[in-house]
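Subject: Structure for your attention, with notes

Dear colleague,

Please find the structure below, together with its sequence. My notes on what was found in it follow directly after.

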Amino acid sequence: MKICITSQGEERTSNVDPRFGRAAFFCFYDTESGDYSFEANGFAAGVGGVGVQTSQYMAEKEVQAVLTGQVGPNAFKTLNAAGIEVYPNADGTVEAAVQAFLKGEYDKTSGPTGPARHS
Amino acid sequence: MTIAVASGKGGTGKTTVAVGVARALEQDVQLLDCDVEEPNSHLFLQLESRESGDFSIPVPRIDNDKCTACGLCSSFCEYNALARLKDRVLVFDNLCHGCGGCRIVCPEDAITEELRPIGKLVSAQVPGVHLLYGDLNSGEVLAPPLIRAVKRRGASEANAMEAGGPGYTAPGAGGPLIIDSPPGTTCPMVTAVKDSDFCLLVTENTPFGLHDLEMAVQVLDDLDMPMGVVINRSDIGHSDVEEFCRRKSIPVLLRIPYSRKIAEFYARGESIVDADSEYRLRFQEMYRRIESIVAEGRAG
C-alpha cells in the first residue's frame, strides 16, 4: 500500500506539513517495502484550486491513503471520489506519523476538516 | 467620455466622488457601480425604479457515457475546476471561471454547459442619472465576469439610446459615463477601469493612502491611462501624497477638506453635492479639466 505524508522537508525527521494542497513536500511511503521517497510539491504556489490539483496528482500516483494536518472541501471531494483515504491531524515527524498510522492510531475522516484556503 | 473612479485603499471616498460627479453634471450621465462585491452608489441616489435580473456564468456538465477521462479538459483548465480521475472527471463549480475552454478541447464532445447564477445585474433610474450595478451573491469570488457584464450592458443601453431606443434617459454612446471601481489593484479593479478615457484616484493623506495610491498609479501607467488625484479629508494627515503627485506630475484635481456636514449627509445617504452646493461647481470644474486633459492626450 502506498501512502503519502505531507512534509515540511525532505527528511524522515522533517515535520508533517499541516497543509495538504500547499504542503512543501510530499513523502511517499510504501508499506510493503518500507521505502520512503520525497518530492517537492510543484503545485504549492498555485493561484487557486490547489487542493484539486494535488488530489488529482495523488490519484495519478496511485496513493491509497493520505496523512496530513487539514484537508479542505475541494481536496476531500476529489480524494474521496478517487477512493483515497484521508487521515487528518497527523503531526510530529514524518517517520513518527508513519509509525502512528501503522499502529492504527489515526482515524480517517469522512469529510473535509476545514474551509478552502487560498494561501 | 468614460471616467473611472478608483483608489488603492478602500474607504477613501470613491463613491462620494463618483456619485458627486454624476449628480453635479447638468447633462444625463451613466453611472456604473462596478464595485460588485459591495455596490453602494445606489444608496446615495433616490432611485425611482429598479430592474433586476440574474447574472450567470456557464459551467461544464460532463456526459459520463461519452467521457473517456482523457484529461485534456482538466489539463486545459487554468483554475483547476476539473479533476481527472481514473474513470471520470469531477467538476468544481466554485472554481470555474466560465471560459468554456473545456468544452472546446473535449475530443469526445462530452461537455455541455449549464448556467450558474453568481449575482444580479441591476438597472435603475433617477433624474439625470442612469445607474447600472452588479451585485455578486455572498460567497462568490468571480467579480470580473459580472463587472464586464455591467460594462457591456452600459454600452448596449447607451447604443439603444443613441438609436432612439426604449425608456432610458441614458446619454447616448460617448456621453458622460462614470465608473465606480472596486478598491485595490487586482483583477476586479483592472477590469473596471480598463478602456476608460481617464481615471480619477481618490486617496487620503495617510501612509496607507499613499502606499496604495502608488500601486494604483503603477497599474494605470501599465494601462497607459491618463489620471488625476482627488485628496479626501485633505486637511488631515501629512503632505506626502501631494509631494508624490508633484514628483510624478499627476494633477491633483480636487481637495475635499474634512467636513462634519459632508459626513452627516453621507450617513443619511445623501450626496456631497446636497451637503454643500459649492461642490456642484467644483465637480463641474473638475469634469471640464478632465475633458481638456483627455482632449490634449488625443491630440498629442
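Two residues are taken to be in contact if their C-beta atoms, placed from the backbone, lie within 7 Å. Please bear in mind that this is a predicted model.

By that criterion, and leaving aside its neighbours within four places in sequence, B:A110 is in contact with B:I62, B:D63, B:K66 and B:C67. B:A110 belongs to the loop between α3 (101-105) and β6 (111-126) of chain B. Is this residue buried or exposed? B:A110 counts as buried because 21 other C-beta atoms lie within 10 Å, and the threshold for a buried residue is 20 or more. B:V273 stands 163 residues from B:A110 along the chain, and 57 Å separate the C-alpha atoms of the two.

Chain B as a whole

Chain B contains ten helices and eleven strands. Its C-alpha trace spans about 70 × 45 × 40 Å along the principal axes. Of its 300 residues, 44% count as buried. Taking the contacts in chain B between residues at least 6 apart in sequence, 71% join residues at least 24 apart.

The domain assignment divides chain B into domain 1 (2-55 + 118-299) and domain 2 (64-109). The centres of domain 1 and domain 2 of chain B, taken over C-alpha atoms, are 39 Å apart.

The sheet of chain B

An open sheet of nine strands is found in chain B, with mixed pairing and the order β3-β6-β7-β2-β8-β1-β9-β10-β11. Its edge strands are β3 (49-62) and β11 (252-256) of chain B, each of which pairs on one side only. On average, neighbouring strands of this sheet are turned by 20° against each other, direction ignored. Helix α6 (residues 207-223) of chain B packs on the sheet and touches β1 (2-6), β9 (198-204) and β10 (227-232) of chain B. The direction of α6 makes about 170° with that of β9(B).

Which strands does β1(B) pair with? One is β8(B), which runs parallel to β1(B) and is joined to it by four bridges; here B:T2 stands opposite B:L177. Another is β9(B), where the pairing is also in the parallel sense over four bridges, and B:A6 stands opposite B:L201.

Strand β1(B) is mostly covered, with five of its five residues buried. B:T2, B:A4 and B:A6 point one way from the strand, whereas B:I3 and B:V5 point the other way, and all are buried.

Strand β8 (residues 177-180) of chain B also pairs with strand β2 (residues 29-33) of chain B, in the parallel sense and over four bridges. Within this pairing, B:I178 in β8(B) is the bridge partner of B:L31.

Chain A

Chain A has an open sheet of five strands with mixed pairing, in the order β3-β2-β1-β4-β5. At its edges stand β3 (36-40) and β5 (85-87) of chain A; each has a single partner strand, so one side of each is left without a neighbour in the sheet. Strands β1(A) and β2(A) pair in the antiparallel sense over six bridges, and A:F28 in β2(A) is the bridge partner of A:C4.

In helix α3 (residues 94-102) of chain A, the residues A:V94, A:A97 and A:V98 are buried. Why do they lie on the same side of α3(A)? They do so because they cover an arc of only 100° around the axis. The cover over the buried residues of α3(A) includes β1 (2-7), β2 (25-30) and β4 (65-67) of chain A. After α3(A) comes A:G104, which has a positive phi, near 75°.

Where the chains meet

How many residues does each chain bring to the contact? Chain B gives eleven residues and chain A gives twelve residues. On the side of chain B that touches chain A, seven residues are nonpolar, two are polar and two are charged.

Yours sincerely

Methods
Residues numbered from 1 in each chain as written. Chains lettered and ligands numbered in written order. Predicted model: local features only at pLDDT ≥ 70, side-chain atom pairs only at ≥ 80, totals over all residues. Pairing = 2+ DSSP bridges. Helix = DSSP H or I, 4+ residues; strand = E, 2+ residues; numbered from the N terminus. Axes fitted to C-alpha atoms, helices over the stretch in contact; angles between N-to-C directions. Nonpolar A, V, L, I, M, F, W, Y, C, P; charged D, E, K, R; others polar. Buried ≥ 20, exposed ≤ 12 C-beta atoms within 10 Å, placed from the backbone. Domains from an automatic or database assignment. Arc of directions from axis to C-beta.
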